[in-house]
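Trainee: Let us go through this model together, one item at a time. Where do we begin?

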Amino acid sequence: MSILIKGGRVIDPENKIDAILDVLIENNKISKVAKNINSSADTVIDASNKIVAPGIVDMHVHLREPGREDKETVATATLAAAKGGVTTVLAMPNTQPAMDCPESVRLLQEIIRKDAKVNVLICGTITKGRLGQELSDIAALKKSGVYAISDDGCSVDSDELMLEALKKAKQAGLLTICHAEDKKLSGKGVINLGFNSTRLGLRGISNESEYKRVRRDIELAKNSAAAVHIAHVSCRESVEIIAKAKKTGVQVTCETAPHYFTLTEDALLGYDTNMKMNPPLRSKEDLIAIKQGLKDGSIDAIASDHAPHTENEKDIEFERAEFGVVGLETELSVSITELINKQVLDWPGLITRFCLNPARILGLDRGRLTAGSFADVVIISDQQSWIVDKPALVSKSKNSPFLGSCLKGLVDYTICNGIIAYQR
Amino acid sequence: MGWTKKDLLGLEYLTPEEIELILDTAESFKEVSTREIKKVPALRGKTAVNLFYEPSTRTRVSFEVAAKRLSADVINIATETSSVRKGETLIDTGKNIQALKADIIIMRHNYSGAANMLARALDISVVNAGDGWHEHPTQALLDIFTLKEKLGKIKGLNVAIVGDIAHSRVARSNIWGLTKLGANVTLCAPEMLLPVGIELTGAKTSSNIDEVLKKADAVNVLRMQFERDEGTAFPEQLDYFKKFGITEERLAKAKKDIVVMHPGPINRGIEMSSEVADGKNSVILEQVTNGIAVRMAVLFLISQAREAKK
Amino acid sequence: MKEKAKILDEEGINRAIMRIAHEIIEKNKGSAGLCVVGIRNRGVYIAQRIAACIKQIEGMDVLTGALDITLYRDDLALASGQPLVRKTEIDFDINAKNLVLVDDVLYTGRTIRAALDALIDFGRPKSIQLAVLVDRGHRELPIRADFVGKNIPTSNKESVEVRLQEVDGIDEVAIVEKLGGDSSPCGAQNDV
């Protein structure tokens with residue numbers, strides 16, 4: 001099985017490539033990236049006027065399976081991923097049961113083996129049941145095949161327990177992902193704390209509830225010499241704290257999600273529950289800081305925080321509605337529209353944050369087009385516009401904050417491990 | 001200019017002209033309640049549904065009286081006894097009421113934004129009778145109507161709003177309405193009960209009630225609910241009365257004709273002394289009377305706008 | 001709107017109102033127990049002028065009131081633009097009075113129907129009589145005026161405009177042609 005992609009603008013930051021080249025895929029691996037490859041491949045794709053890049057590695061995805069198959073399944077989420085140009089997802093552990101033991105991990109691995117259309121990596125929990133009380137058997141989780149640990153949706157409140165977790169993770173060679181939120185400060189908040197929460201009569205979530213926990217997790221990372229990755233950074237103070245820590249040599253990386261550099265708290269003024277997520281959409285100043293952080297490298301990665309919810313859970317009173325939005329199918333287009341077309345990042349910069357950096361953070365042989373690497377490739381029509389509407393989304397849930405938006409950039413092909421997983 | 005909106009969700013969403021139109025229309029309606037036969041046929045054949053998710057006697061009854069004086073039929077749905085108890089969603093409830101061919105839903109809800117959501121989902125009119133901490137537009141309209149009746153104008157008036165601003169929909173609606181009509185609004189409360197960024201509405205804030213009262217032409221005293229929100233720090237009751245309670249001693253140092261308002265029900269001895277509540281500056285019962293006229297105006301204008309769109 | 005003809009000037013209006021006042025006194029055998037209620041908007045001013053004339057003749061004050069009929073209109077449900085609700089001011093008991101209802105123009109009769117409904121809500125006058133400055137015909141209801149300033153035959157394509165000092169800064173009555181030739185009585189300028 002071989003695929004030859006001809007004449008596209010190939011972007012591969014790892015190998016400092018940004019040129020019109022051909023890409024040859026053979027036996028699930030990248031075989032060659034060069035000018036005018038003359039080879040009789042099984043499939044030849046004309047990629048002229050298109051972008052050819054490594055497939056996206058999305059470090060923050062909620063598959064909902066097992067447990068909430070009404071919201072999403074491995075099959076539907078990975079289909080959505082492929083449609084969005086995502087070839088690898090890190091599945092968050094807040095499933096039912098939670099990924100806190102090898103048995104649960106094996107259960108999910110079985111489903112993935114049957115249903116997944118792209119690579120699905122599993123993230124285990126830090127604590128049993130994500131309750132922040134008792135550590136999971138981190139070594140056993142590693143052995144069962146998880147790629148990271150996180151209590152996603154919750155932060156481990158106890159400093160001692162978190163420090164212990166970081167030490168165990170380091171021993172096991174696992175990355176620890178931190179959901180940075182001090183629930184004592186965020187309380188029952190539902191949107192960003194500020195004038196908008198006041199005028200809407202809703203409880204606010206302060207920046208402080210995020211950045212104080214970012215600061216603590218970085219402090220613990222320093223003390224344990226372990227690597228931490230801060231999930232979904234949303235506010236300016238967090239960006240500053242992370243940038244400073246990086247300079248002092250702490251092993252800290254972080255991600256943000258497309259909605260944090262696209263939308264502000266003003267999107268909440270109509271009580272649209274599709275704009276409700278945690279952390280919440282922040283102020284204009286925060287949005288600017290997130291963009292700046294992406295530009296200067298303080299923010300390493302873009303991840304969707306794909307969080308599907310059914311209409312029943314969203315089409316209700318704002319305060320009762322679930323937190324979270326879907327994003328697998330829109331993250332690339334939103335980023336092209338908001339970052340490339342507004343000159344925040346160039347193509348190599350965007351691909352670095354979508355592919356190369358997350359692959360490095362997770363220690364994967366992906367996110368690059370190096371000969372011999374796994375052949376995860378995405379071909380993009382970057383000038384093509386489309387309007388996000390519910391029927392266009394293949395994810396089981398339609399809770400996108402970008403419904404009705406006109407976005408630039410459509411994926412033509414997603415090739416995962418040398419096989420075409422999606423074709424427009 | 002006329003009224004074109006299908007719903008009344010809050011005063012934040014209205015122009016000064018729209019607010020004036022409601023007030024002017026209310027003035028015409030006030031006369032109806034003074035007649036021997038307190039009824040006009042304007043909304044004959046229309047059905048208004050009172051959908052109250054929070055217990056409220058005065059607002060519900062006021063709306064009911066207003067609708068009936070316009071000859072509308074009124075149906076009261078108490079959520080304790082309805083299918084809401086059985087887990088029906090708000091939108092489903094609304095669509096069912098719409099399917100009954102009702103014309104207006106008057107809704108009180110404990111969640112902020114519930115009226116906005118319902119209005120978006122339905123073709124029939126929604127009148128917000130209070131949603132969470134968000135807005136209570138008809139209360140503010142009747143407060144402003146009363147103030148205008150007493151003092152002849154709104155523009156340039158110094159109006160103090162005293163009490164738990166953070167958790168008050170009455171405060172929010174009053175702030176929007178009064179500032180839009182050109183009043184100088186000062187919010188007076190303990191620091192912890194002033195919500196973040198409230199001064200961006202144009203209102204000033206203060207924690208010194210005596211200073212605020214000195215300049216005030218009117219004071220709107222909010223009901224203090226110490227039990228409402230667990231997790232929020234509240235001042236101690238007696239301490240609150242001492243520092244912010246409206247008493248005769250305090251009023252003695254205020255303008256002689258200061259207008260004292262309260263949306264009710266009053267906690268005597270907590271936010272206001274009995275002497276003040278029943279005193280010569282108090283217009284609390286006039287507010288209740290005016291509430292009928294204001295709500296008649298709102299129901300009339302909204303139902304006219306819907307007819308015009310048909 | 002295109003003005004076609006001037007029907008009455010200031011003097012003409014004054015003469016018509018004075019004559020109506022005389023006729024009212026004659027019919028009611030004096031001004032005792034009489035009250036005059038004008039329909040908003042211009043009927044109110046004509047009513048006040050009639051009352052002033054009666055006082056001039058009889059030397060006695062006549063009770064006057066203002067009636068807003070918006071809430072009683074039978075076309076409230078029709079899309080005829082949004083009517084402004086104005087104040088009704090009848091500060092006296094109409095029971096057992098001879099009540100003269102006053103409007104500027106009598107046309108379909110629907111305004112008068114609404115006014116009669118409204119008046120009944122206020123009490124039971126001994127009689128209700130109707131005075132209008134202009135009767136332009138085209139009745140749609142069995143209603144006629146007791147006192148008419150001037151009968152003006154018109155077509156449905158025309159409209160009669162009464163302009164008064166108090167509202168318009170001038171006293172005159174004119175026939176104007178409606179542009180677009182709207183022949184629906186509901187869209188008419190006066191008397192709905």
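Predicted model: local features only at pLDDT ≥ 70, side-chain atom pairs only at ≥ 80, totals over all residues.

Trainee: Why are α4(A) and α7(A) called oblique?

Mentor: Helix α4 (residues 159–172) of chain A packs against helix α7 (residues 207–224) of chain A with the axes 9 Å apart, and the angle is about 50°. Angles under 35 degrees count as roughly parallel, and 65 to 115 as roughly perpendicular. The pair therefore falls in the class oblique.

Trainee: Is the crossing of α4(A) and α7(A) left-handed or right-handed?

Mentor: The angle of about 50° is one part of the description. For the way α4(A) passes α7(A), the crossing is right-handed.

Trainee: Which residues in α7(A) does α4(A) meet, and how does the contact divide by class?

Mentor: α4(A) brings A:Asp159, A:Met162, A:Leu163, A:Leu166, A:Lys167 and A:Lys170. Their partners in α7(A) are A:Arg216, A:Leu220, A:Ala221, A:Asn223 and A:Ser224. By class, the contact has 5 nonpolar, 2 polar and 4 charged residues.

Trainee: Turning to chain B, which element gives the largest share of the side that touches chain A?

Mentor: The contact involves 21 residues of chain B and 20 residues of chain A. On the side of chain B, at least two residues each come from α3 (90–99), α4 (114–121) and α6 (169–180). By class, that side has 10 nonpolar, 8 polar and 3 charged residues. The largest share, 3 residues, comes from α4(B).

Trainee: How far apart are the C-alpha centres of domain 1 and domain 2 of chain B?

Mentor: The domain assignment gives domain 1 of chain B as 11–136 + 290–309, and domain 2 of chain B as 138–287. Their C-alpha centres lie apart by 25 Å.

Trainee: Which elements give two or more residues to the side of domain 1 of chain B that touches domain 2 of chain B?

Mentor: The contact takes 21 residues from domain 1 of chain B and 22 residues from domain 2 of chain B. On the domain 1 side, the residues divide into 10 nonpolar, 6 polar and 5 charged. The elements in chain B are α1 (16–30), β4 (125–131) and α11 (284–309).

Trainee: Over which residues of chain C does pLDDT stay under 50?

Mentor: The model scores ipTM 0.93 and pTM 0.90. Chain C has a mean pLDDT of 89, with 90% of its residues at 70 or more. The stretch under 50, for which the model has 22 contacts beyond four places in sequence, is residues 181–190 of chain C.

Technical notes
Residues numbered from 1 in each chain as written. Chains lettered and ligands numbered in written order. Domains from an automatic or database assignment. Contact = placed C-beta atoms within 7 Å. Helix = DSSP H or I, 4+ residues; strand = E, 2+ residues; numbered from the N terminus. Nonpolar A, V, L, I, M, F, W, Y, C, P; charged D, E, K, R; others polar. pLDDT = per-residue confidence, 0-100. Axes fitted to C-alpha atoms, helices over the stretch in contact; angles between N-to-C directions. Parallel < 35°, antiparallel > 145°, perpendicular 65-115°, else oblique. Left-handed = near helix turned anticlockwise from the far one by under 90°.
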